[in-house]
Amino acid sequence: MGCIEGHSRNDRLVRLWLFIVAILLLHPVQLEAQSQDLRLALLGTDSTHAVEFTRILNGTGEKDHVPGARITVAYRGGSSLAISHDRIEKLSTTVQTTWKIPFVSSIAELCPNIDGILLLSVDARLRLQELREAARCGKPIFIDKPLAGSLEDAQAIAALLDQQHIPWFSTSSIRYGCDPRPEHLLGVETWGPAHYIEEFPLDLTYYGIHSIESLYRLMGPGVAQVTQTRSGKADVIVATWSDGSVGTVRLMEDSTTYGAVLYREGGHAEMISTNVGYAPQVADIVRFMREKTPSVAESETLEIFAFMQAAQQSLQQGSIPVKLVQH
């Protein structure tokens, strides 16, 4: 019995050793893959995007996981806005405890050992101030919508980052729900929720910007003038392009979805949903961080802010057509 037990014990030891050797052989491969991942920092954890982007990048078992980058550090940020201070504690705790992300006490402390920054804070009024500090890292920056709270701040941000040769771009996840400039397209109507934050200089920078982004994705830049009307629980913005094309944005207070109607040659119309989740946007962010080339041109981003400013001026002046400021 002793010999049998000895052989059995030895067999178990051999199997255990073979298992350990296999793990050791595989581990360097896993470490190498992880070491090739880009290291990204979160600037602002008062947005649900901080949790979702971290989950998609760091959650290798998630069905919408995007490989190639990981969140490795975060700065909490926050502001006096209700949408910030009412949820920053819960969201920050989720990032820190669920995904084991270390937090730092200043934006400057994000700089060491990172390859890029995701600016996700919700208070658009603070963007210029945050980016003055973040630009000192000298890393590419993705700026979540909206880029800024006003056209003037958006222009100042673009000038700041361009002067310091910092690659950057800003966009909404809704943009990825439709193909750019489909063939035989005569016009588009996009729709989405209408929610506003009184403290923001431009009404449309909070939720309206999503539907405006998808309009630009489908029809491209070149808007000459806009007219905005507000009736009951809906806003309607009619945009006219310099070539005579017309597109419409309908924002509804009770809406929780995003979509578009595409009007094509031959009298055809097609309705699409532009809700695609965050994975396509995150994949584009990872690509941008590697290639340093934005998928949305700076000029288009600034035109969208000129669009929103003209729309607000139209509404304030009795819904008259207002030309976009040339940037």
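Tutor: Start with pairing: two strands pair if DSSP finds at least two bridges between them. Strands (E, at least two residues) and helices (H or I, at least four) are DSSP runs, numbered from the N terminus. This is a predicted model, with residues numbered from 1 along each chain as its sequence is written. Local features need pLDDT of at least 70 and side-chain atom pairs 80 or more, while totals for chains, interfaces and linings use all residues; side-chain values use heavy atoms, without hydrogens or water.

Student: What makes β5 and β6 a pair?

Tutor: Strand β5, residues 141-144, and β6 share four bridges in the parallel sense. The definition asks for at least two, so they pair. Within this pair, D144 stands opposite T171 in β6.

Student: What is the order of the six strands in the open sheet?

Tutor: The order is β3-β2-β1-β4-β5-β6, with parallel pairing. β3 (103-104) and β6 (168-171) are the edge strands, each pairing on one side only.

Student: How do you know that helix α5 packs on the sheet?

Tutor: By contact, which means heavy atoms within 4.5 Å. Helix α5 (residues 127-134) touches β1 (38-43), β4 (116-119) and β5. Its direction makes about 165° with that of β5. Angles run from 0 to 180 degrees between N-to-C directions, with axes fitted to C-alpha atoms, for helices over the stretch in contact. Helix α8 (residues 279-291) lies across β1, β2 (69-75), β4, β5 and β6, at about 150° to β5.

Student: Which strands stand at the edges of the sheet of seven?

Tutor: That open sheet runs β12-β11-β7-β10-β9-β8-β13, with mixed pairing. β12 and β13 (322-323) stand at its edges with a single partner strand each, so one side of each has no neighbour in the sheet.

Student: What makes β8 and β13 partners?

Tutor: Two bridges join them, and they run antiparallel. V226 stands opposite V322 in β13.

Student: How many bridges join β7 to β10, and in which sense do they run?

Tutor: Seven bridges join β7 to β10, which run parallel. In β10, G187 has V246 as its bridge partner. β9 (residues 234-241) is also joined to β10 (residues 246-252) by seven bridges, but these two run antiparallel. There, V238 is partnered by T248 in β10. α7 packs on this sheet, touching β7 (185-193), β8 (223-231), β9, β10 and β11 (259-264), at about 165° to β7. α9 lies across β8, β9 and β13, at about 45° to β8.

Student: Which residue in the hairpin of β8 and β9 takes a positive phi?

Tutor: G232, with a phi near 60°. Two residues lie between the strands of that hairpin. β8 and β9 pair over eight bridges in the antiparallel sense. The hairpin of β9 and β10 has four residues between its strands, and G244 in the turn has a positive phi of about 95°.

Student: Why is the pair of F53 and Y278 called edge-to-face?

Tutor: Rings of Phe, Tyr and Trp (its six-membered ring) pair if their centres lie within 6.5 Å; planes under 30 degrees apart are stacked, over 60 edge-to-face, and the rest tilted. The whole structure has seven aromatic pairs. F53 and Y278 are 5.9 Å apart centre to centre, with 65° between the planes. Both values pass, so the pair is edge-to-face. F53 lies in helix α2 (residues 48-58) and Y278 in the loop between β12 (268-273) and α8, so the pair ties together parts 225 residues apart in sequence.

Student: What makes a space a cavity or a pocket?

Tutor: On a 1 Å grid over the protein atoms alone, a cavity is a set of points where a 1.4 Å probe fits but cannot get out. A pocket is an open set with protein on both sides within 12 Å along at least five of seven lines. Lining residues have an atom within 4 Å of a point. Points join across faces, edges and corners, and the volume is the space filled by probe spheres set on them.

Student: How many cavities of 30 Å³ or more does a search of the whole structure find?

Tutor: One. The largest cavity has a volume of about 40 Å³. Its lining includes K145, S170, T171, I209 and F305. β6, α7 (208-219) and α9 (298-316) each give two or more residues to that lining. α9 gives the most, with three.

Student: Which residues lie nearest the centre of the largest pocket?

Tutor: H49, K145, Y207, H210 and Y278, out of 23 lining residues. About 350 Å³ of space lies in this pocket. Its lining has ten nonpolar, nine polar and four charged residues. Ala, Val, Leu, Ile, Met, Phe, Trp, Tyr, Cys and Pro count as nonpolar, Asp, Glu, Lys and Arg as charged, and the others, Gly among them, as polar.
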